[in-house]
Amino acid sequence: MGFLSPGDLSDPLFQNLTLNYRLPRLILAMLLGMSLSASGFVLQMIFQNPLVEPGFLGVSQGAAFGAALAIIFFGSSLIVAEVAASLFSLLGLFLSVFLARKLRYGGWVLRLILAGIAISAFFSAGVGVLKYLADPLKQLPEITFWLLGGLWGSSWSQVIFIFSPVLLCLAVLFSFRWRINLLTLEESTAFSLGVRVSRERILVLLLAVIPVAAMVSISGIVSWIGLIIPHIARRISGANAQFALPSSLLLGGAFGLICDTVARTALAGEIPLGILTSLLGAVLFLIFLSLPQRRTG
Amino acid sequence: MRALCASNLFFSYEKDRPVLQDLSLEVREGEILAILGPNGSGKTTFLHLLLRELRPEGGDIYFFERPASSYSRKELSLILALARQEERVAFQFTVLEYVLMGRAPYLRPLEAPGKKDLEVAFEALKATGMESLYNRYLTALSGGERQLVIIARTIAQNPRIFLLDEPLAHLDLKNQKRLLDILLDLKKRGKTIVFTTHDPNSAALVADRVLIISNGKSLAFGEVRQVFQREVLSAVYGVKLEVDSKSGRPLIYLENGTSRV
């Protein structure tokens, strides 16, 4: 379409397409990739576990539940679904953290992961109930389509809606990045280095999850970016967050853009973004894991 | 000046199961204190109380004649460094990146280490003989090399008191010698060192004072010569021991004289 072939800016149709549909979608695709990969990177570090992704901690399932709830009870207004999704994804995070504090099993990291799994399961059961209740002709396809994830119907109002929280959080994370290294150390070691471990973890956790909550409210559930991109970034730049977080942001932005472009152009109809990122992500992940490891830096 | 003074410390993780009972000691600035005791005797807990990661249920701790509770977290990180017994590192940091983390107390929250910190980190690696490994992954090192790199991180932190939990545990004889030399070198620079060990002979080689604890109670505390007496040690370890003090520093044998403790 107009994005790839040179067009005439004086053509009002072309102008309208580029400025009002393509450009906001481009920005959202990049921000989505950046948020998911930065968030995945940070969560992997603070949980000292390279297999964590932002979908943990009830964020994605919370968003799904919020969106489904809005679609069923408040009609198909996009804005309502978006607001409900971001509110419920944050609720998912807060419930996970709250539950983790109440659990009496294992250390902080394990408790948080277990709590996240439980809260996710709770919300996904809720989504199941809502799907069951939904009008099979009108609401159910809408919910399903939302769950598959995608950036169709992107608009400037969506960009404005998420731009400041996302950029603000990413900017703070970016400037805080060397210190995130300290949070990967054993708790007492970090403590001895003057880190207020619980406080800094919660702060970094919030900064990592808020952009994702804002993004999934628009895009629906897009998985794998947050898991695979941080791995590739670390492979390229080493473990040090000072360099690996910027790589993660760049690669994530690029990957989001590529996936969304393919989703938009590969077939006559739109391919849901979530399907593409899972497919590409899983393939990349397997290729990446079968490459030989570097031994020295 | 007393670098460290603890009086009548009590601590327990669970009610009615005390881990430390009525523990008192003092260490002067520039001295080395060795803490000996069987596994589970409370040595590590004691170090974590000093670090103020754990709070004692009773008793007081003073650093440089000031109550430990009056220090802020930041101030404490400038005077105390900890090398844990086991340090799990989940990501592939290089040795230099890891040692640089020791500079955290000197950096502002949004600051990354600079040129000066790099110099300090290299000095610390040189002091431990690990400078040639600076670009290796920490996860690719042997247990002994790793232990020395952890010590280098505490040196880069440049504290006044070093808390070292079993620093000799993974070391072969050559590296044990190297570590003991590092401790003596730090002492020469006026640093105070508290370390735990299972080996009374290593303690005897470098320590000025020794604390022996068992089941959370202090069995003996004092200068090396006072504590390392045949009767005291035999009672503590429950086997008959001989102490040979002819060479200046005491040397401890099992009584039949064939094996070193």
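In the predicted model, helix H4 of chain B buries B:Val120, B:Ala121, B:Ala124 and B:Leu125. Seen down the axis of H4(B), these buried residues fall within an arc of 140°, so they line one face of the helix. An α-helix has 3.6 residues a turn, so residues three or four places apart point the same way. The cover over the buried residues of H4(B) includes helix H3 (95-100) and helix H5 (143-157) of chain B. The face turned away from the buried side carries the exposed residues B:Lys115, B:Lys116 and B:Glu119. H4(B) runs over residues 115-127, 13 residues in total. Just after H4(B), B:Gly129 takes a positive phi of about 75°.

A hairpin lies elsewhere in chain B. Strands S11 (residues 241-244) and S12 (residues 251-254) of chain B pair in the antiparallel sense, over 4 bridges. B:Glu242 has B:Tyr253 of S12(B) as its bridge partner. Between the two strands of the hairpin are 6 residues. B:Gly248 takes a positive phi near 105° in this hairpin.

Chains A and B are in contact through 26 residues from chain A and 29 residues from chain B. On the chain B side, helix H2 (73-79) and strand S6 (80-83) each supply at least two residues. By class, that side has 15 nonpolar, 8 charged and 6 polar residues.

Confidence was examined for chain A. The mean pLDDT of chain A is 87, and 95% of its residues reach 70 or more. Among the elements of chain A, helix H7 (residues 177-180) has the highest mean pLDDT, 95. Helix H5 (residues 139-148) of chain A has the lowest, 84.

How values were computed:
Residues numbered from 1 in each chain as written. Chains lettered and ligands numbered in written order. Predicted model: local features only at pLDDT ≥ 70, side-chain atom pairs only at ≥ 80, totals over all residues. pLDDT = per-residue confidence, 0-100. Pairing = 2+ DSSP bridges. Contact = placed C-beta atoms within 7 Å. Nonpolar A, V, L, I, M, F, W, Y, C, P; charged D, E, K, R; others polar. Expected span 1.5 Å × (residues − 1). Buried ≥ 20, exposed ≤ 12 C-beta atoms within 10 Å, placed from the backbone. Arc of directions from axis to C-beta.
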